[in-house]
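Trainee: I am new to this structure. Please take one part and walk me through it closely.

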Amino acid sequence: MPHKTRPAVAKTDTWSPAARSRGRVVRRGYTAPRMQPKLKRGELDGLAEFYSLDSRRTETMLELAEARPSRAEAIHFFANCLRIGGVLSLASALVFFVAANWGRFAVVGRFALVEIALVGCTAVAFARPPPEFIGRGASFLAFITTGALLALFGQTYQTGADVYELFLMWALLGLPLVVVAQWSVASAAWILVLNTALALFCGAHPTGGLLWAAIESRHLRPALLIISAGMINLALWFALEVRPIGAAPDWVRRFILSCAFGFGTWGGVLAVAGGSPGYGESQFDAASVFLLAIAMAWVGSYTVRRRTDVYPLAVVMGTFIIVSLVWLGRAVEFRDEGTFLLLALWLVGTSTAAGAILTSLTRRWRKAADP
């Protein structure tokens, strides 16, 4: 029978004032429950494996260690979900109420309704400032109302501006409200608005407007333009990784990274496929592919050095699989049915290899993180 090594668990050694001066540890006979350190899930799994616990005993151990959410914690979670759902419902109700009663209100009435809602939300946010939930919800509603006001202005006066300019101005004017909210939901909404503006700009490829005036002199190729939009998200992701803030937790940073490589995949496909009829390109864009490869290599190396989360590697590998698949399909030119078999083998092989690598890294990093 192979020898088993007892799993390491957290120790509860304490220091007395007298022992601290002599530099030795004093072991207490009893530690109050509220001061006892909680075992991590990796430690509990190690104990279950060491003592060969069956499913019933494992469930008992998890219950005694309070590793599962309690009834009070579950109720608190569902209450938070309902509160967030209520805020989102109020935001949607304001927009759809104005749209549904468009013909019943005069121009002054439409603007007055939206502006009163904006002033009211701002007043509530000042009276009950974040991080109170009422202040956060009011700031978020003020952000949504800002977008509704801009849409109402454009629809009423027919300014002729591009659609992406509406979302871009919404992102710029709503940024102070998002900063004040100090809420991950508001941060994610702002990221969504910003990337909607970038996607509309890159998709329509216009020749006018605010963004085009800023980059017209650089004569960017379509693929390079789209990848540059991804670089904006990548720079924001890296800034939040270096200086993390409470309003941008892990899931928000993952959302930003997904947007970055969403643009990267889009631009990479255009670059290796020779563009599309709508963009007027027909040649392989080596510069765009090189820039995307540098971004992928940098994110991959940064993630491997940190050894905390494999999600950035998963996004990088997904981009590589899609872009390489399109390049391979263009290279073989779809001459016969064997081409589809080759592409299927490439897709299955690269996906399997990526999954194996990510699984291995996840296990190694978790094992290294356990004490």
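Mentor: Here is a close look at one helix and the pair that helps cover it.

This is a predicted model, where local features need pLDDT of at least 70, side-chain atom pairs count only at pLDDT 80 or more, and totals for chains, interfaces and linings use all residues. Residues are numbered from 1 along each chain as its sequence is written, and side-chain values use heavy atoms, with hydrogens and water left out.

The protein chain has 14 helices and zero strands. Helices are DSSP runs of H or I with at least four residues, strands are runs of E with at least two, and both are numbered from the N terminus.

Start with helix α4, residues 71-100. At 1.5 Å a residue, its 30 residues should span 44 Å, and its end C-alpha atoms lie 42 Å apart, which agrees. The expected span is 1.5 Å times one less than the number of residues.

V87, A91, L94 and V98 of α4 are buried. Buried means under 20% relative accessible area, with a 1.4 Å probe and protein chains only. The cover over the buried residues of α4 includes α5 and α6.

Now that pair. Helix α5 (residues 107-127) packs with helix α6 (residues 133-157) at an angle of about 160°, their axes 8 Å apart. So α5 is roughly antiparallel to α6. That term applies to angles over 145 degrees. Axes are lines fitted to C-alpha atoms over the stretch in contact, and angles run from 0 to 180 degrees between N-to-C directions. Contact means heavy atoms within 4.5 Å.

Terms used:
Parallel < 35°, antiparallel > 145°, perpendicular 65-115°, else oblique. Buried < 20%, exposed > 50% of the residue type's maximum accessible area, 1.4 Å probe, protein only.
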